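Me: Hi! Could you walk me through this model? I'd like to start with the contacts between its parts.

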Amino acid sequence: MAYRTVNPYNNEVVKEYPFATDDELQSALATDHDLYETMKKQDISERAKILHNVAAKLREHSDELVRACTIDMGKLIGESKGEVELVAIIADWFADHGEELLKPEKIDTIATGDAEIQHHATGVVMMVEPWNFPYYQIMRVFAPNFMVGNPMILKHAANTPTSAQMFADVVAEAGAPKGSLTNLFLSYDQVTEAIDDPRVQGVALTGSERGGTAVAGAAGKALKKNTMELGGMDPFVVLGDANMDDVNDIAWRARIYNTGQVCTSSKRFIVMDNVYDEFVENLKKKFAALKPGDPMDPKTSLAPMNTEKSKNKLQKQLDDAIAAGAKVVYGNEPIDLPGQFFMPTILTDIDKDNPAYSEEMFGPIAAVYKVHSEQEAIDLANDNPYGLGGIVFAGDADHGAEVASQIETGMVFVNNFMSTLPELPFGGVKLSGYGREMSHIGQMAFVNEQLIVKTDKPNMGNLAGGLVAVDPQD
């Protein structure tokens, strides 16, 4: 697939980019590895200053970045603004906290001497990132790895090349040394070639299950540590005593944000029978009030999907769900605009044999299920191959948290919209992937946690762990 920006609002081809050559990849690997050798000897406080400057430059270039994001993939202009500010916040947070997080950790041990774990860079990290949050997905990997001293090569999505290059340009303008973040328009074969290279020591991917399987397979074959943030079919559980004003205000946002093209978007609404009818009626009203149009216009509330291919795939999934017995209670009608618009749709009566029961629909389709007990809600939430995030609404937040802890996902928010912040770990279980980004956990994703034990004089009497020191004279 060619790298090119096609405005999903009017289908205009804005700009095309040539694939990187093999020589460009080899040059990037050499530059990044040389930088690793330099950065691992550098004081981390120097990188913190640069990362703060990255945040400042992101804010300085906000208008350009926002416009590029919206034209690349169709995001509402207000959502693009929020994304740029979020990535600046993430950069500042890791700049503020990275040095403390990476301090040596003392260990209380019976071993003779002093023991500590030191945190070192490991080498070049290969990043494979998706289109739905063109800047945020990069920053989740870039900020912690820049702080530890791992240079990065970026392969971004084919439909967001302008956003990817602008991000890399801002990093360079902020004073980051060449090789800190190298954006290359790579083929998938070149990604595998990079992963195989011994100078690459880590692989981070956010994307589809299919992409994750391919990249994780290549990383596993090369014995490279990797993190995978994949798809999700996040449950939105509404218990019978939930505050329905809050539920009705948040549920539609949880599905429509970014036109539903979010891994952690609420895709399955699991609602207790006593509030089910009210929930469905209010969701219909909220969906009906959305205004499709130019995503550059602040008055627009429904943006187009990111590509024609994505829209057609979603329509086929919807058609298959209906053919298998799902009921459309709202939507599934064309929108008379030239861009890649998809009418928000509500499905009910989805049984276990329906493909919609277990397939992620990456767009504005809400699947609503009626349940008759709390345990049925939990069981339905868990009867799914994915396990990324989730939301629980309950009259009592503590009880909501008890329910949340029984849901098999990496993240659950109680009585609130799901949000992302640098101090909160992000990631899932099951087919949603493994590893965590952001927070103190994400800081350690590609770190050599090296044990150092030092003593002034060996004590041969302490033979812990069954290891016996043998005197060569014996």
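Me: Which side chains meet in a salt bridge?
Reply: Those of Lys430 and Glu408 do, at 3.3 Å from N to O. A salt bridge here is a side-chain nitrogen of Lys or Arg within 4 Å of a carboxyl oxygen of Asp or Glu. Keep in mind that this is a predicted model: local features need pLDDT of at least 70, side-chain atom pairs count only at pLDDT 80 or more, and totals for chains, interfaces and linings use all residues. Residues are numbered from 1 along each chain as its sequence is written, and side-chain values use heavy atoms, with hydrogens and water left out.

Me: Thanks! Where are the domains?
Reply: Domain 1 covers 3-230 + 428-453, and domain 2 covers 235-414; such bounds come from an automatic or database domain assignment. Their C-alpha centres lie 30 Å apart.

Me: How many salt bridges are there between domain 1 and domain 2?
Reply: The count is one.

Me: And how much area is buried between domain 1 and domain 2?
Reply: About 2500 Å², with carbon and sulfur atoms giving 59% of that. Buried area is the accessible area (1.4 Å probe) that two parts lose on being put together, summed over both. On the domain 1 side, Tyr9, Leu76 and Lys430 supply 25% of what is buried against domain 2, more than any other three residues.

Me: How many residues are in contact there?
Reply: 25 residues of domain 1 are in contact with 33 residues of domain 2, where contact means heavy atoms within 4.5 Å.

Me: Switching topic, which residues of helix H12 are buried?
Reply: In H12 (residues 374-382), they are Ala377, Ile378, Leu380, Ala381 and Asn382. Buried means under 20% relative accessible area, exposed over 50%, and partly exposed in between (1.4 Å probe, protein chains only). Helices (H or I, at least four residues) and strands (E, at least two) are DSSP runs, numbered from the N terminus.

Me: What do those buried residues pack against?
Reply: Strands S10 (234-238), S11 (266-272) and S14 (365-371), helix H13 (397-404), and S18.

Me: Val238 is in strand S10. Why does Val238 count as buried?
Reply: Because its relative accessibility is 0%.

Me: What does Val238 touch?
Reply: Leaving out residues up to four places away in sequence, Val238 touches Met244, Val247, Ile270, Val271, Met272, Val275, Phe279 and Phe393.

Me: And how far is Val238 from Ala194?
Reply: Their C-alpha atoms are separated by 46 Å, with the two residues 44 apart along the chain.
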